[in-house]
Amino acid sequence: MNQEHKGFIPLSITEFNTLTQLLSKLLSTQHPPLIIPGEAILGIEAVAAGIAAPGRTILNVVTGPYGSLFGEWLKRGGATVVEVKVSFDEVVTAEKVASAIEQFKPCAISFVQAEVVTGGSNPAQAIFKLAQDNNLITVTDSVSAVGGETLLVDEWEVDFAVMGAQKALSGPNGVSAVSISPRGWDFLASNPEAPRNSILSLLDLRPSSGGAAPLRVPPNIPTLEARALISALTQIEEEGLEQVIKRHERTAASAIAGIQALGLTPWQKDSSHYSTLTTTVRIAGEQKLLIDQPIGIVAPGDGELFGQLLRINHFGAKASRQSVEEAVTTLAQLLHQEPDHAITAVRLAWGE
Ligand SMILES: *Cc1c(COP(=O)(O)O)cnc(C)c1O
């Protein structure tokens with residue numbers, strides 16, 4: 001047979017169902033997550049477009065650049081956007097969210113669960129509790145949280161949770177997912193402004209209602225990316241999601257110990273709210289730390305944070321002791337210091 005004419009095999013319904021089940025398990029939801037045929041940012045923009053409408057007041061929490069962008073998309077859709085915005089070296093507090101809910105009486109709340117750009121992690125569970133008490137639709141960008149911290153979609157009553165695999169899960173960036181609760185679907189369907197016949201339309205992607213398993217694979221699912229995601233999520237299952245989260249926690253704790261041993265300060269002010277995917281280092285005028293290109297997993301700050309912080313990107317396959325040691329050695333070299341005592345601190349925090 002002529003190899004050149006074989007083509008590749010389309011995604012089977014079995015593979016599609018496997019992927020859906022892996023995503024359900026990952027997000028702790030019994031409602032099959034919607035597979036998004038693109039990078040996670042597509043799912044995030046599609047949620048904003050789907051829920052925004054004139055007459056809807058939405059509380060958008062801004063703790064980093066992705067939150068700002070989400071607010072812009074909500075405004076574009078005609079929603080009244082009210083914001084709780086904090087300085088990007090802080091995370092939001094439940095108290096601030098509570099008083100904004102009381103003041104603005106929104107119908108929905110959106111926030112980024114964990115921020116890789118700023119290195120902060122918001123108090124997600126407390127925010128969901130407040131939302132529940134006030135009967136708000138909840139939206140979370142959990143792209144940088146899934147695999148690095150807990151997210152229990154059904155138990156916490158999350159209506160829209162966007163995930164991507166390219167961060168903690170070491171997966172592909174070309175396919176992602178949005179978990180949508182039955183209430184979330186109603187919120188979309190009751191919005192006359194929700195896109196239809198559009199790449200931004202979640203309603204167009206909605207599986208037949210009634211919860212019956214689909215008979216065929218939606219034609220827009222990217223085959224190779226879907227297979228890569230199955231493979232990544234299968235590896236996560238093998239390691240165990242809890243173990244993956246612990247590995248990220250341990251990595252972050254080691255990175256913090258390492259930078260502190262070098263006399264550096266974390267960019268984030270509250271030590272109980274560090275992201276487990278990145279450690280951000282305050283530059284504070286230290287000229288030696290002003291790099292403009294990544295060195296291994298040590299990267300300059302993005303956008304407005306350039307020159308203010310350095311990021312150590314210790315997620316996915318880089319959530320390891322060795323990666324942290326390399327990053328800390330890089331920082332020591334930039335500072336013209338011997339790395340040995342910082343490496344010792346890393347190992348001590350790692351716990352071996
Ligand atoms: C990485 C990330 C995204 C997705 O951005 P991509 O451009 O798809 O990589 C969205 N939100 C947050 C908080 C992220 O960290």
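Asn135 is exposed, with a relative accessibility of 58% (exposed means over 50% relative accessible area, buried under 20% and partly exposed in between, with a 1.4 Å probe and protein chains only). The model is predicted: local features need pLDDT of at least 70, side-chain atom pairs count only at pLDDT 80 or more, and totals for chains, interfaces and linings use all residues. Residues are numbered from 1 along each chain as its sequence is written, and side-chain values use heavy atoms, with hydrogens and water left out.

Asn135 is placed in the loop between α5 and β5 (helices, H or I with at least four residues, and strands, E with at least two, are DSSP runs numbered from the N terminus). Although Asn135 is not a glycine, its phi is positive, at about 55°. Most residues other than glycine have a negative phi. A positive phi is also found at Asn197, where the value is near 50°. Asn197 belongs to the loop between α6 (182-189) and α7 (223-239), and its relative accessibility of 74% counts as exposed.

A search of the whole structure for aromatic pairs returned two. Rings of Phe, Tyr and Trp (its six-membered ring) pair if their centres lie within 6.5 Å; planes under 30 degrees apart count as stacked, over 60 as edge-to-face and the rest as tilted. Phe111 and Phe128 form a tilted pair, with 5.2 Å from centre to centre and 55° between the planes. Phe111 is part of strand β4 (residues 108-112) and Phe128 of helix α5 (residues 124-133), so the pair ties together parts that are 17 residues apart in sequence. Phe111 is buried at 3% relative accessibility, and Phe128 is buried at 2%. Together with Trp156, Phe111 and Phe128 make up one aromatic cluster.

Another ring, that of Phe187, has the charged end of Arg56 over it, 3.7 Å from the ring centre. For this assignment, NZ of Lys or CZ of Arg must be within 6 Å of the ring centre and within 35 degrees of the ring normal.

Helices α2 (residues 40-51) and α3 (residues 65-76) pack at an angle of about 35°, and their axes are 8 Å apart. Axes are lines fitted to C-alpha atoms, for helices over the stretch in contact, and angles run from 0 to 180 degrees between N-to-C directions. The contact (heavy atoms within 4.5 Å) involves Ile41, Ile44, Glu45, Val47, Ala48 and Ile51 of α2 and Tyr66, Leu69, Phe70, Trp73, Leu74 and Arg76 of α3.

Gly67 is also located in helix α3 and is buried, at 3% relative accessibility. Not counting residues up to four places away in sequence, Gly67 touches Asn60, Val61, Val62 and Val112. The C-alpha atom of Gly67 is separated by 23 Å from that of His248, which is 181 residues away along the chain.

Ser142 occupies the loop between β5 (137-141) and β6 (160-164). This residue is buried, with a relative accessible area of 0%. Its side chain makes a polar contact of 2.8 Å with the side chain of Thr140. A polar contact is a pair of N or O atoms within 3.5 Å; within protein, one must be able to donate a hydrogen and the other to accept it, and residues adjacent in sequence count only if both atoms are side-chain atoms. Leaving aside neighbours within four places in sequence, Ser142 is in contact with Gln113, Leu151 and Val162.
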